[in-house]
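Here is a friendly tour of a structure for someone new to reading them. Take a look at it first, and then follow the points below.

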Amino acid sequence: MSAPFVEIPEKEFVLPGTRTCAGCGLTLAYRYILKALGPDTIVTLPACCLTILHGIYPKTPIAINAVNNTFASTAASAAGLVAGLKALGKDKDFTVMAMAGDGGTFDMGIQALSGAAERQTDFIYVCYDNEAYMNTGVQRSSATPLGALTTTTPFLPKQQPKKDFLTIMEAHSPSYMATCCSAYPRDIYAKFRKAKEKKGTRFIHLAVPCPPGWGFPTSQTVRVGRLAVETGMVVLFEIDEGEFKLTGKSLTMARSGRKKPVVEYLKLQNRFAKMTDEQVEALQREVDSRWEKYLERSEP
Amino acid sequence: MSNVQIITGNQAAAIAAKLCRVQVIAAYPITPQSKIPELLSEYVEKGELKAEFIRVESEHSAMGVCLSASLVGARTFTATAANGLAYMHEQLHWAAGARVPVVMSVANRGLGAPWTILNDMQDTLSQRDTGWMQFYCFNNQEILDYVIMAYRVAEEVLLPAMVCFDGFRLSHTVMPVEVPSQELVDAFLPSRKLPYELTPDNPVNINPVVMGDRLPDPEGNICPDYMGFRLRMQKAHEEAMGVIREVGKAFGEVFGRSYELPYHAYQIDDADTVFVTMGSLSSEAMDAVDYMRKAGRKVGVLGLRVFRPFPSKETADILANFNKLVVVEKAISYGYETPLATEVKAALYTNGSNPLPEVYSVVVGLGGKDVNPQDLVGITEKLEKISPDRPSWWHEEELKQ
């Protein structure tokens, strides 16, 4: 995917007045997601940082239709929107997107998402992953990486690795699946354009750095996001009708063979302040091993 | 002209949903209502009903699908019972708060723990305060009729509605039911009209965060706060009672069975003691009344059909005339008494005048415990020994004392 040559429309759907924190990775990414999907999008969302982004009644800075739902039912709500629109003959008029955080996806939303994906519901599901329950104040989730401090792992950093949710979703055989990161907006735009044109269940994992939750200055969101990809902590890829491809920066890295050590990513963030050298080495080994597997799956 | 079929309560509910031309169905099986989604999926697969049938992975998702499909304008239906209903609890509040006219049939069943698959009304009565309208059916005909009426009322007042009927006792028992023609139902229940249009040209944020104070919109108009939206829900319920009566009357004019009254009454004109019941229990009470009347006792039955909105004035106006009210119920609000007894007392206190009748709260039939007319005769004979200050349990362990 030759991302640098993508034309991005000027029309904005995220207007001034969002209530997210300064330096929010989600807000950066959401702007490009909506540019890609356009005005005929209905987003359904649970209580999460995205709710805050959508503002407080009776004002909203978001210029598309939105349906708020309960925490565990984002994918079910999307299935309802899809079924309702189809029953009324309006399914061609709208793109239904479900969007939830890692808590609403890896944890509480997994049942409804698994059900909707197994039923091959015709929708886009986006998990924006800021690696903890950020909206409620940085509590540990199953997406929190090993070694991270959170407000519910305050003294002993998280002892377990991040749940391998991408493998879980791949096992559902979505028609399209991709990863992206808020630091690479053109890659986001291109992947959501592609997702919009597909039918069936499309799953996109979006890595979004979170300054207050991860403990880095608000000016460093893009830098931290880039380092996540450059160190292989986040790998950009897509699986289109079952065909795996590295994309964007990850593809460049695969070609050049240049991957930075994870410590460059970790040292910028206070949440990893208590990681021991042994834990960092273990994490590096895990990232290297996963990277090798991706290289093997990727086209030469 | 008349089309009487010998069918179960579950069949009556499924046929009614089909006659209402529901557009989206999402349901998860649970005994004793599983036959309803089975039948509806058959209608859809055979092309007899044009609807989207979503075979969800849970009851929580069933209501999630129904309420979102309803938001975009579809007529939606689901069915559940017991723990399935309890699992939906959060979604019930959400559906009512979202003001979507979802209709759900519930085959009443006891809640675990410990497990029971048999009948009582603890499941739906526990959902009293979710903002749903609740109708309780006396027989299978009422199940069919109330599903049709529920849509018309729900779509007018924008509140979801539960049509409740006793698991197994009605869900699995065949009775003659007059099934109306599609033409008559279409005339009574036109297709749903959405009070707004979902369009990209005028995007909306549905059910967002609402603060505790009223705030201005971008044009400066003051908009409701959270409590303001709750006030609107309460007003919709208050308005619903009148709509239920009008729709019940109109139903009678079209189909020959009037539901204008939120209760049915039996032998109450000269009664001094009246059984107050809901659901199929009224049937046992009527048999007991026939038996006791032969022995010269002046007893009657008042069976409530509508529990939410509660017909406070209507019930008090009639119940205030009797000396003793025996509220027999298959539910208990632990730590107090049976829920209907509480409502009846409150209605009498608000709308009645002294001397008020004595109200007895009697727990019967939990978890499938059989209740037959002899039990109700027995309860009446024991009234002198029962104190109205606590609920009495019609149960072997209590009766020994």
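In chain B, Thr277(B) stands opposite Gly303(B) of β14(B). The two strands involved, β13 (residues 273-278) and β14 (residues 299-304) of chain B, pair in the parallel sense over six bridges. Two strands count as paired if DSSP finds at least two bridges between them, and strands (E, at least two residues) and helices (H or I, at least four) are DSSP runs numbered from the N terminus. This is a predicted model, in which local features need pLDDT of at least 70 and side-chain atom pairs count only at pLDDT 80 or more, while totals for chains, interfaces and linings use all residues. Residues are numbered from 1 along each chain as its sequence is written, and chains are lettered from A and ligands numbered from 1 in the order in which they are written.

**The six-stranded sheet of chain B**
- β13(B) and β14(B) belong to an open, mixed sheet of six strands, ordered β12-β14-β13-β16-β17-β18.
- Its edge strands are β12 (263-266) and β18 (392-393) of chain B, each of which pairs on one side only.
- Helix α10 (residues 281-294) of chain B lies across β12, β13, β14 and β16 (324-329), running at about 170° to β14(B); such angles run from 0 to 180 degrees between N-to-C directions, with axes fitted to C-alpha atoms (for helices, over the stretch in contact).
- Helix α12 (residues 339-351) of chain B lies across β13, β14, β16 and β17 (358-363), at about 150° to β16(B).

**The seven-stranded sheet of chain B**
- Which order do the seven strands of the other open sheet take? They run β3-β2-β4-β5-β7-β6-β15 in chain B, with mixed pairing.
- β3 and β15 (306-308) of chain B are at the edges with a single partner strand each, so one side of each has no neighbour in the sheet.
- From one strand to the next, the twist averages 20°.
- Strands β5 (residues 103-108) and β7 (residues 161-166) of chain B run parallel and are joined by six bridges; here Met104(B) stands opposite Met162(B).

**Helix pairs**
- Two packed helices are described by the angle between their axes and the distance between the axes.
- α3(B) and α5(B) pack at about 10° with axes 8 Å apart, and are therefore roughly parallel (an angle under 35 degrees).
- In this pair, His60(B), Met63(B), Gly64(B) and Leu67(B) of α3(B) meet Gln91(B), Leu92(B), Trp94(B) and Ala95(B) of α5(B); residues are in contact if their C-beta atoms, placed from the backbone, lie within 7 Å.
- In chain A, helix α1 (residues 25-37) and helix α7 (residues 185-197) pack at about 35°, with axes 8 Å apart.

**Where the chains meet**
- How many residues does each chain bring to the contact? Chain B gives 40 residues and chain A gives 36.
- On the side of chain B that touches chain A, β3 (52-54), α3 (59-71), α5 (89-97) and β9 (205-206) each supply at least two residues.
- The largest share of that side, 10 residues, comes from α3(B).
- Strand β2 (residues 65-68) of chain A runs parallel to β9(B), and two bridges join them.
- Ala66(A) stands opposite Asn205(B) in β9(B).

Technical notes:
Two residues are in contact if their C-beta atoms, placed from the backbone, lie within 7 Å. Angles under 35 degrees count as roughly parallel, over 145 as roughly antiparallel, 65 to 115 as roughly perpendicular and the rest as oblique.
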